[in-house]
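Q: Hey, I'm new to this one. Can you walk me through it?

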Amino acid sequence: MKDPRPISAERGDADRVEVTLLEIEPRIAERARIAAATAGLDNVSVHVVDAGRTDSYVGLVPADLVLLVGIFGNISDEDLHCTVDMSPSLCSPGATLLWSRGRDPDMRGDKNDLVRQWFAEAGFLELDYVTSESGSRPAVGALRYDGPPHPLATGRTMFTFTR
């Protein structure tokens, strides 16, 4: 975890920032807790829950910044579409959402243009989309949610990891 203190120290509203990590694997969650404590970040909380279940987000959304990173290349296409469709319920109007997905056509094909279309249909404006030709050919998208508030539908599964 990179130390964000120098950046947040420059902001006049840094004390209003709360960071929550949802992680199903207890060992990874504990490493995140240790990293946050080592960096002196008392505004970071780590919950050992399944991020694919909407109940895990109760009390945490809508958020101003949502990171859907490390998910989209590890779930089914159906779950990917479902997660994109449900993303507005995670976001405050005007929120920023970052997503990532590899572009390895040998694995499952490059569906990132379709993902970008789905986000547009869900009310997001693309701010940037960056790709790399190294390794797994990763891509990162930055979006702004321009739609109305959406209530969180509890008791639902957005995604289940397949690998």
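Q: How much of the chain is buried?
A: Of the 163 residues in the chain, 33% are buried. Buried means under 20% relative accessible area, exposed means over 50%, and partly exposed is in between, with a 1.4 Å probe and protein chains only.

Q: And what kind of model am I looking at?
A: This is a predicted model, where local features need pLDDT of at least 70, side-chain atom pairs count only at pLDDT 80 or more, and totals for chains, interfaces and linings use all residues. Residues are numbered from 1 along each chain as its sequence is written, and side-chain values use heavy atoms, with hydrogens and water left out.

Q: OK, how many helices and strands does the chain have?
A: There are 4 helices and 6 strands. Helices (H or I, at least four residues) and strands (E, at least two) are DSSP runs, numbered from the N terminus. Starting at the N terminus, the elements go α-β-α-β-β-α-β-α-β-β.

Q: How does strand 6 pair up with strand 4?
A: Strand 4 (residues 91–102) and strand 6 (residues 138–145) are antiparallel, with 7 bridges. Leu98, for one, stands opposite Ala142 in strand 6.

Q: And how many bridges join strand 5 to strand 6?
A: Also antiparallel there, with 7 bridges. Glu126 has Leu143 in strand 6 as its bridge partner. The hairpin of these two strands has 6 residues between them, and Gly135 takes a positive phi near 55° in that hairpin.

Q: Which residues of helix 4 are buried?
A: Asn112, Val115, Trp118 and Phe119. They are on the same side of helix 4, because they cover an arc of only 110° around the axis. That arc is the one of the directions from the helix axis to the C-beta atoms.

Q: What do those buried residues pack against?
A: They pack against strand 3, helix 3 (77–86), strand 4, strand 5 and strand 6. Contact here means heavy atoms within 4.5 Å. On the face turned away from the buried side, helix 4 carries the exposed residues Asp113 and Glu121.

Q: What about the nonpolar core, how many residues are in the largest one?
A: It has 29 residues, and those with the most contacts inside it are Leu68, Phe72, Leu97, Trp99, Val115, Phe119 and Phe124. A nonpolar core is a set of buried Ala, Val, Leu, Ile, Met, Phe, Trp, Tyr and Cys residues joined through side-chain atoms within 4.5 Å. Strand 3, helix 3, strand 4, helix 4, strand 5 and strand 6 each give two or more residues to this core. Apart from it there is another core of 7 residues, among them Ala36, Ala39, Leu41 and Val44.

Q: Where is Arg103, and is it buried or exposed?
A: Arg103 is in the loop between strand 4 and helix 4. Arg103 counts as buried, at 6% relative accessibility.

Q: What does the side chain of Arg103 reach?
A: The backbone oxygen of Ser132, at 2.8 Å. The side chains of Arg103 and Glu133 are also joined by a polar contact of 2.7 Å. A polar contact is a pair of N or O atoms within 3.5 Å; within protein, one must be able to donate a hydrogen and the other to accept it, and residues adjacent in sequence count only if both atoms are side-chain atoms.

Q: Last one: is Pro148 buried or exposed?
A: Exposed, with a relative accessible area of 51%. Pro148 lies in the segment after strand 6. Pro148 and Pro93 are 55 residues apart in sequence, yet 6.0 Å apart in space, C-alpha to C-alpha.

Conventions. Two strands pair if DSSP finds at least two bridges between them.
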